[in-house]
Amino acid sequence: MSNPPLWLRGPIPNIHADLQGVAHGLLEALEEVKHAIESLPSDKLWLKPYGAASVGFHLQHLAGATDRLFTYARGDALTDSQRTALVAEQAAGANGGEKSIEQLMNDLERVIDLAIEQLRSTDPSGLHEPRYIGGKKLPSTVTGLLEHAGQHASRHGGQVVTTVKVVMAISS
């Protein structure tokens with residue numbers, strides 16, 4: 001029998017109970033993505049089946065969006081490097097990207113590792129503090145950003161799993 005879903009394996013050590021769902025969402029998405037791409041040939045990474053986003057785009061977007069959401073949750077503005085990465089991410093979505101599966105997975109694992117460390121150091125008494133997103137200063141809270149990051153990871157992780165299945169089915 002395979003492992004139960006990550007959220008049924010108990011709490012992630014040293015993360016406050018209010019943030020367990022975020023941690024589980026991030027880590028489960030990473031686990032599912034790793035399993036899904038095991039069978040994906042590298043020449044299929046940037047295929048856009050039936051016009052849908054490619055596996056490569058979802059991997060790059062998942063890492064980039066998680067990084068940006070956690071930056072805003074800290075109360076920081078995006079760096080020039082993050083803005084440049086966002087432009088590259090958008091271009092990869094439209095035209096295909098240049099990164100390999102290994103590069104994309106290294107980026108994703110690094111971002112999720114940093115996110116988990118940030119969750120461990122997040123003071124639960126500040127979860128309802130306001131945060132503002134982007135140049136328009138759209139309102140949110142620390143909790144809002146972190147919970148969205150976990151949900152967003154789950155959504156794109158699922159899209160990777162599905163897109164790999166579609167790409168493999170139409171390629172055989």
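Mentor: In this predicted model, the chain carries 15 positive and 19 negative side chains, and the centres of the two sets lie 6 Å apart. Lys and Arg count as positive, Asp and Glu as negative, while His and the chain ends are not counted; each charge is placed at NZ of Lys, CZ of Arg, CG of Asp or CD of Glu.

Lys-44 is found in the loop between α1 (20-37) and α2 (55-73). With a relative accessible area of 18%, Lys-44 is buried, a term for values under 20% with a 1.4 Å probe and protein chains only. Leaving aside residues up to four places away in sequence, Lys-44 touches Val-167 and Ser-171, where contact means heavy atoms within 4.5 Å.

As for the whole, buried residues make up 42% of the 172 residues. Of the contacts between residues at least 6 apart in sequence, 69% join residues at least 24 apart. The elements run α-α-α-α-β-β-α from the N terminus, counted as DSSP runs: helices are H or I of at least four residues, strands E of at least two.

Residues are numbered from 1 along each chain as its sequence is written. Local features need pLDDT of at least 70 and side-chain atom pairs pLDDT 80 or more, whereas totals for chains, interfaces and linings use all residues, and side-chain values use heavy atoms, without hydrogens and water.

Definitions and conventions
Buried < 20%, exposed > 50% of the residue type's maximum accessible area, 1.4 Å probe, protein only.
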